[in-house]
Amino acid sequence: MRSYLLLFLFVLALGCTNQQKQIIPDNNTPFVWENANIYFLLTDRFYNGDSENDINFGRTENTAVNRGFQGGDFSGITKKIEDGYFTDLGITAIWMTPFVEQIHGCEDEGTGLTYGFHGYWAKDWTSIDPNFGTEEELSVLIETAHSNEIRIIMDVVINHTGPVTEIDPVWENAWVRTGPQCTYKDYQSTVTCTLVKNLPDIKTESVEEVELPDELLKKWEQEGRLEQETEELDLFFERTGYPRTPTYYIIKWLTDYVRKYGIDAYRLDTSKHVEEEVWAKLRKEVDIAYADWKAANPKQFMAETEFFMFGEVYGYGISSGKFYNFGDAQVDYYAHGINSLINFEFKYDASKSYEEIFSKYSSILNGDLKGYPTVNYISSHDDGSPFDAMRNKPIETATKLLLCPGASQI
């Protein structure tokens with residue numbers, strides 16, 4: 001014991017001799033998205049707070065392994081916020097998968113039946129899927145997060161609806177295309193196409209006014225909210241003067257969640273498969289919605305941060321600077337309302353030394369991307385080749401991801 005005490009005193013004395021200054025954490029450090037620690041979760045998979053909402057719309061088919069709903073919901077996330085789980089991890093923002101109402105049926109993707117447990121198969125952008133919870137539970141989740149100085153990120157999909165099933169009919173041709181399937185040879189074959197078979201692509205490029213899909217009109221009428229939804233749409237288009245195109249309908253529906261609940265940021269799904277002008281249009285309306293929410297909720301508003309939008313441009317790397325190259329066209333998404341892009345390059349850089357990584361990212365983020373943060377990640381549900389796939393180097397992985405310049409997605 002004495003030897004350990006002497007060693008401790010020696011180290012302490014050495015520290016004094018070198019006049020090392022004690023670093024005291026500053027708990028008043030302002031939040032900035034450039035340095036956010038983002039926890040990405042699939043709502044259905046995270047934590048089941050209410051088992052009574054586990055089955056809805058007759059979703060009882062036997063699915064392929066791990067392809068059905070498993071019970072995670074808003075109340076489960078709220079419980080974990082209250083327990084301090086996220087705070088203990090140093091999390092400053094929670095990114096939840098899409099929570100709008102999903103298709104009621106299931107789709108066979110070739111590997112067996114699957115439901116829209118992941119949230120990317122929208123049936124109705126105007127309602128929350130009851131498997132994830134209620135409007136009140138979403139409101140409580142966000143208020144609880146804000147009271148713990150945690151921002152909430154909504155994952156938004158404009159590119160497509162959910163697959164067509166026996167009980168989920170395809171929308172009218174004025175709204176969607178069902179082909180051709182994307183080939184990714186150039187801009188056209190990446191944007192004006194369907195991502196995969198049986199995933200109807202919203203005609204976001206359309207400038208023609210369209211009527212609401214019959215499927216939605218029938219659904220709203222059965223639910224007793226047809227008059228309310230149509231009146232709100234009339235007010236939106238009267239206020240903005242926008243044409244009633246597919247894009248503007250969806251923008252209205254998405255920004256409603258920000259105006260009503262105080263969502264702090266959007267993660268933009270399949271960003272490169274949507275015309276970049278669409279994101280600029282969304283930016284304009286979401287800034288108005290966020291300002292409206294802040295004005296109505298001054299006690300809940302935490303800091304003078306602007307609404308944050310970061311995009312998933314699959315394959316984009318920080319070395320490309322502001323541009324993504326389609327082959328026949330280069331697009332600057334930062335010039336179209338997007339604050340940041342997910343960096344698909346970091347998982348490769350993670351194999352380099354600390355000095356190489358940190359110097360590279362510091363140089364780029366103080367050079368070509370000055371003022372435009374990046375969101376780094378090691379692995380995700382879309383990635384089949386993450387760094388340290390067998391998780392043999394957790395300390396190195398975490399250190400590089402968390403300390404590298406830029407926001408981190410865990």
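Predicted model: local features only at pLDDT ≥ 70, side-chain atom pairs only at ≥ 80, totals over all residues.
Local features were required to have pLDDT of at least 70, side-chain atom pairs counted only at pLDDT 80 or more, and totals for chains, interfaces and linings use all residues. Residues are numbered from 1 along each chain as its sequence is written, and side-chain values use heavy atoms, with hydrogens and water left out.

Two packed helices are described by the angle between their axes and the distance between the axes. Helices (H or I, at least four residues) and strands (E, at least two) are DSSP runs, numbered from the N terminus. Axes are lines fitted to C-alpha atoms, for helices over the stretch in contact, and angles run from 0 to 180 degrees between N-to-C directions.

Helix α3 (residues 74–82) packs on α5 at an angle of about 20°. Their axes are 9 Å apart. α3 is therefore roughly parallel to α5. Angles under 35 degrees count as roughly parallel, over 145 as roughly antiparallel, 65 to 115 as roughly perpendicular and the rest as oblique. The crossing of α3 past α5 is left-handed. A crossing is left-handed if the near helix is turned anticlockwise from the far one by less than a right angle, and right-handed if clockwise. On the α3 side, the contact (heavy atoms within 4.5 Å) involves Phe74, Ile77, Thr78, Ile81 and Glu82. On the α5 side, Glu137, Leu138, Val140, Leu141, Thr144 and Ala145 take part. By class, the contact of α3 with α5 has seven nonpolar, two polar and two charged residues. Ala, Val, Leu, Ile, Met, Phe, Trp, Tyr, Cys and Pro count as nonpolar, Asp, Glu, Lys and Arg as charged, and the others, Gly among them, as polar.

Helix α12 (residues 354–365) and helix α13 (residues 394–403) cross at roughly 20°. Their axes come within 10 Å. The two helices are therefore roughly parallel to each other. The crossing of α12 and α13 is right-handed. Tyr354, Ile357 and Phe358 of α12 make the contact with Glu396, Thr399, Lys400 and Leu403 of α13. The contact of α12 with α13 has four nonpolar, one polar and two charged residues.

Helix α8 (residues 226–240) and helix α9 (residues 246–261) cross at roughly 100°. Their axes come within 11 Å. α8 is therefore roughly perpendicular to α9. From α8, Glu232, Leu233, Phe236, Phe237 and Arg239 take part in the contact. From α9, the residues are Tyr248, Tyr249, Lys252, Trp253, Asp256 and Arg259. This contact has six nonpolar, no polar and five charged residues.

The structure holds one disulfide. A disulfide is a pair of cysteine sulfur atoms within 2.5 Å. Cysteine 182 and cysteine 193 form the link, with their sulfur atoms 2.0 Å apart. The link is right-handed, with 95° about the S-S bond. Cysteine 182 lies in the loop between β8 and α6, and cysteine 193 in the loop between α6 and β9, so the pair ties together parts that are 11 residues apart in sequence. Both cysteine 182 and cysteine 193 are buried. Buried means under 20% relative accessible area, exposed over 50%, partly exposed in between (1.4 Å probe, protein chains only). Cysteine 106 is also buried, at 19% relative accessible area. Cysteine 404 is buried, at 2%.

Backbone features were found in several loops. The peptide bond from glycine 179 to proline 180 is cis, with omega near 0°. Proline 180 is placed in the loop between β8 (176–177) and α6 (188–191). Asparagine 198 is in the loop between α6 and β9 (201–202). Its phi is near 65°, a positive value in a residue other than glycine. Asparagine 198 is partly exposed, at 28% relative accessible area.

Glutamate 149 also has a positive phi, of about 60°, although it is not a glycine. Glutamate 149 sits in the loop between α5 (135–147) and β7 (151–156). At 56% relative accessibility, glutamate 149 is exposed. Methionine 302 touches Glu149, along with His146, Ile150 and Arg151, not counting residues up to four places away in sequence. Methionine 302 lies in the loop between α10 (276–296) and β11 (308–311). Its relative accessibility is 29%, which counts as partly exposed. The C-alpha atoms of methionine 302 and tyrosine 377 are separated by 26 Å. These two residues are 75 residues apart along the chain.
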